[in-house]
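Thank you all for coming.

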Amino acid sequence: MTQFDEFLLRIKKYPDFFENVAFWQTQIAQQAQPFPFPSWLHNRLVDTFNSMGINSLYSHQFEAINCVKGGMNTVISTGTASGKSICYQIPIIDQLIKDQKSSAILLFPTKALTYDQLKSFSTILSTGKIFENQKSIAAVYDGDTPSQQRNAIRNNSKIILTNPDMLNVAILPHHTIWSEFFQNLKYIVIDEIHLYRGVFGSNIANLIRRLKRVAVFYGSSPRFIMTSATIANPKELASNLIEEETISIEADGSPKGEKNFVIYNPPVIDKDLGIRESLLTSTSKISELFLISNIQTLIFCRTRRFVELLVREIQALNPRSTKQIRGYRSGYLKKDRREIEEGLKNGSISLAIATNALELGIDIGGVDAVLLAGYPGSIASLHQRAGRSGRSLNSSVAILIASMNPLDQFFARNPKYLMERPLEQALIDANNPLILLSHIKSAAFELPFEESANFGLLNWTHLEEYLEYLCEEGVLQKKKTRYYWLSEHYPSGDFSLRSTISVRILLKYEDDGVIETIGDVDYNSALWMTHPGAIYLQDGLAFYVKTLDLEKGIAILTKSQADYLTEPIISVDIDAISQLKVKTFQNFILQYGEIEVTSKVTGFKKIQIITREILSAENLELPENRLQTTGFWIELTEKCVGLMRSKSIWLSDPNDYGRKWKSIRDSVRNRDNFTCQSCGRGEADVSFHVHHKIPFKMLFSIEEANEFGNLVTLCPDCHRRVELNFKIRSGLSGLKYLLTNLAPLLVLCDSTDLGSYVDPNAKFSNLKPVVLIYDSIPAGIGLSSSLYERIYELLKKCRELLNQCDCKVGCPSCVGPTSEVGIGGKKETSFLLSLLLEQDIK
Amino acid sequence: MTSLSERLKNLGLSKGSEITVLAKKDTRSLVDELNASTITNDLGKIIVVEKTFPYGYLHGDIQLVDQIDTTEIHKTSKLNGINCNLKKIAFLDTETTGLSGGTGTLAFLIGVGRFGEQGFHLTQYILEDPSEESSLLLALSIYSEEIEEIVTFNGKSFDLPLLKSRFILNRMPVPFTHLKHLDLLHISRRLWRQRLPSRSLKDLEHEILHLPRTEEEVPGWMIPELYFNFLKSGDASLIKNVVYHNAMDIVSLAALFIGITQMLNKDLFYYDLDQMDVFSIGQVYERIGEYSKSIEIYEYCLKQSTFSKNFMIELNNRLGCIYKKQSQSDKAVNLWKNNAENGDYAACIELAKYYEHEAKDTKTALLWTQKADIIIVNSKISRYKKNTQKKELHLRRTRLEKRINGNV
């Protein structure tokens, strides 16, 4: 038994650890069936691989290179470290041996990956001594490439490794200086396509349209080779990105060592509120077990800030081994990062604490154990990170430490979803008008559009609208049958591939008259994150926002010593512009369409950090923000509301209003002149009710709840209606919380990609109770559209999580925290869900 | 159905400045307005403006001549020092739709000038419609057939790559790849780097040629917009001043070429040249490795009293380095000593090297490093530079000290 296996046995016997283990699965080692190099492969290449110690291929590699050879566009989505790179290296080099003019372009999402891949190519080329001038054959061409080298690279290199941004800004708009390269372009490689979703992905799809347009101009028709992490729809995503038929290879034929996958759910420390031990504490406790036993470990955190906190915490607990404990994230110097990567490889670092900066294929060799401090947001990403454990074929362990987020808790209770092929889809919408417009400009700059042309799958009818619009704007002019770019602008320099919002607000920190820029936020976020008076948090530090100048795009920040945080007060108004799809059920109507969200930050609250007490609220004058997008909404029918009303009795727990309740009640009735404050009716034979405006159970003390200001006289009818409205609101809010938090199970997205809204009397939907989920990107990117189609799946997941949650009235891990009005009705939400799922809505 | 423009507006797109649709004026055609003619070739038609500036014509201070020896200007520009026939040289300048470069930038006016029978003959090809670009390019190709060399100002990084790109986009062979190319920007920079704050063609025209332009002149930055507006409105009068601007640029280019050629050909020491220019010419020859000529010039400059202390230091150093390369160390040492007395760090290091490696006088070498040390401490250079120099000096000193101690 190895030292590592002994370690695993030991922690299994360690009660403080093991009793919180929610799941432990051991995947036994898997042998690989060797496949010979195909006979069409050039001898020299086979010899090269042989001398590198590679004598055969894995099944997916064999299959992939044959597909590519057969002229098919291919996407390979197998596990981490399954040798995906070989699937494009072989066809590219083989082609180059057979025709020394051929070229290939490879797109990587990050610069670091690009340099890693260059190393890999160089190793093969230099081992095989395949080409005389092998040094210049493969080259990185990105923003860091010195300008005096660029000319030589363009003229001599056949394998160009770059990133999408560089292709957008520097290569395509100057394609004529690459004319020979494009004439001979045989392969386009797009690595890690699962990252190209949402806005980024939609931009990439348009970038590919432009790339293909340029290739066609030079008479070449390159094939695509793509790789992806394991997602639900690699084939669909790949063919959406390149708008061509694609073959998908998903069966992983690489050998695997024994892998242990563990979910650790931190112990509950407050059962009523459903509060668990913090992620920071749990993670540092567990990491200590590994540190003591000298097991090399990599911890993944969700934010850069958490990395810093954890490093500090763990170093403080292990003062003697601080040098072996290192943080790793973007923002560190390149030199330090290389040093840490090297330290991981040679073993001098035993614990590295990183963000996703280490998730993608940077070569660090492989560690014994991986800890994930919180669910990383997608199963694809979880697999990528967990896949970092396992040195060659040794056994390894990956532990997911669940946070209080609903998604984390969902997996802690339903680990099977992590083990199966994920449901999450990567979605793009290449025809999002704003994204499309930018790329049509760039494309027109690159080559004039000919009448009745198309742009990718966008046909002439639609394309013409855009071209005419750009003529109106004055940047294009139509002469004879062509549209010419006639403007001094350089359109590719005007937008980012990674977001739709180009206006950014610079954050300037002022200290003793010295001003330094510490970051930026987009315009819309600036309104609620950096309004005047806000406390802005970054890297664990608190800043006070002195001024926000939206015109100049500058926010001035100073040091904050306040004992409070701020929370914006945002008023939201929804307008439905058009209903595009609708499905009617007995208890609800499901709708999808275009909406306009008008939001305005009207003020903010100051909240004491420790007690969470609201210290004051202040008003703000800020411009409103309009977002036209797509969304889906659930409108409850009359019948559903009726059912909720009829059941409303059992929904209310009797409350103990305190000994003095009778006298308080009487004096309130007296104050209100024994008149219903809602309908104006006076008391007759029965005495009226006294209602708590802020519900009794939501306040800390009886005294607080029974304050005069919180009490009002209502007749029984009005009281029931108000209570019901409140209950519906609670149910809807709980549902909203669940839907937005569990949506990433079905569609790959970040929490900020979706917006939500509830209203018991929605103006845009017949004054009925409504819960609405929308894409927070102008014109939408397909998230809510997909969720609309898969609502049954999503609602079922919501119910599954809700039923499994141990809390009493609702907690942050299910329907949301019980601190605000109208949130946290666990029972209400549960009842509502049962109504929504009553009939088979599949 | 809402229009796309409305839709984009609702999505938050702020439209660029709303363009005012220029009314199609019932004006004169481009040909009439410019007094131009239309020529046709295999690919279509193109508008041409032609003009001749007779020999003897004064462009500022420079007189147009029909013969000149171009050996020196070619040599100093590293284009094998040959005397190219002046009449085989084309002076070229383009007007474009922008400065950003890339495939979306168009050259809508290509002006070329040559010394011919009657004088300097200027030909300007103008693109009336972007769809006729291929005939414009073909016209240039035909023009280039009788040419051996192109002279431009900043053409290396702007005009020629742009034209090359246009030829590729029109799937036409690039006609000038085999031609010699002389970019006057580079030699102008070397000649006037120290004397003039700016070496743009406009400033050289003013400072060197002493030429004023008439009110017909338009500033360069306005040119793209004028062309766009012409295309939209058809108002040919918008282009008139652009044509003037381009014509002046080309004649100035030719005049500058003559001016520089004459400067290099003349006997520097008896001709009334700015002393700074003489020094610069020395550097031009130093760069191409013609040391005898640069020594001659530098020695001459040393005898002049017009140079400031800083320039004297630079002069001494340059001359010292050349003497060092030619193994005339004694001469170099004197120059360095001069500089060292004036507080020059580089000279001290050179002296230290000389005494250590050539004279084998370790003690004197050490003295010079100590002197260098004092200079650094008191100098006002950036801290980063200071630190690297200090490090370098430290290595040298410890090595020397070790050797001295070892010998003792």
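Predicted model: local features only at pLDDT ≥ 70, side-chain atom pairs only at ≥ 80, totals over all residues.

Residues are numbered from 1 along each chain as its sequence is written, and chains are lettered from A, with ligands numbered from 1, in the order in which they are written.

Chain B holds 16 helices and 9 strands, where helices (H or I, at least four residues) and strands (E, at least two) are DSSP runs numbered from the N terminus. Its C-alpha trace spans about 95 × 65 × 40 Å along the principal axes. The radius of gyration of chain B is 28 Å, whereas a compact globule of 408 residues would have one near 22 Å; the radius is taken over C-alpha atoms, and the globule rule is 2.2 Å times the number of residues to the power 0.38.

Turning to the sheet, chain B has an open one of 7 strands with mixed pairing, in the order β1-β2-β7-β6-β5-β8-β9, and two strands are said to pair if DSSP finds at least two bridges between them. Because β1 (37–41) and β9 (180–183) of chain B stand at the edges with a single partner strand each, one side of each is left without a neighbour in the sheet. Within this chain, β5 (residues 89–96) and β6 (residues 107–115) pair in the antiparallel sense over 6 bridges, and B:Thr96 stands opposite B:Ala107 in β6(B).

The domain assignment, which is automatic or from a database, divides chain B into domain 1 (25–265), domain 2 (267–342) and domain 3 (345–408). The centres of domain 1 and domain 2 of chain B, taken over C-alpha atoms, are separated by 36 Å. Their contact takes 11 residues from domain 1 and 10 residues from domain 2, with residues counted as in contact if their C-beta atoms, placed from the backbone, lie within 7 Å. On the domain 1 side, α6(B) gives the largest share, 3 residues.

Finally, how many residues does each chain bring to the contact between chain A and chain B? Chain A supplies 30 residues and chain B supplies 27 residues.

Note on methods. Contact = placed C-beta atoms within 7 Å.
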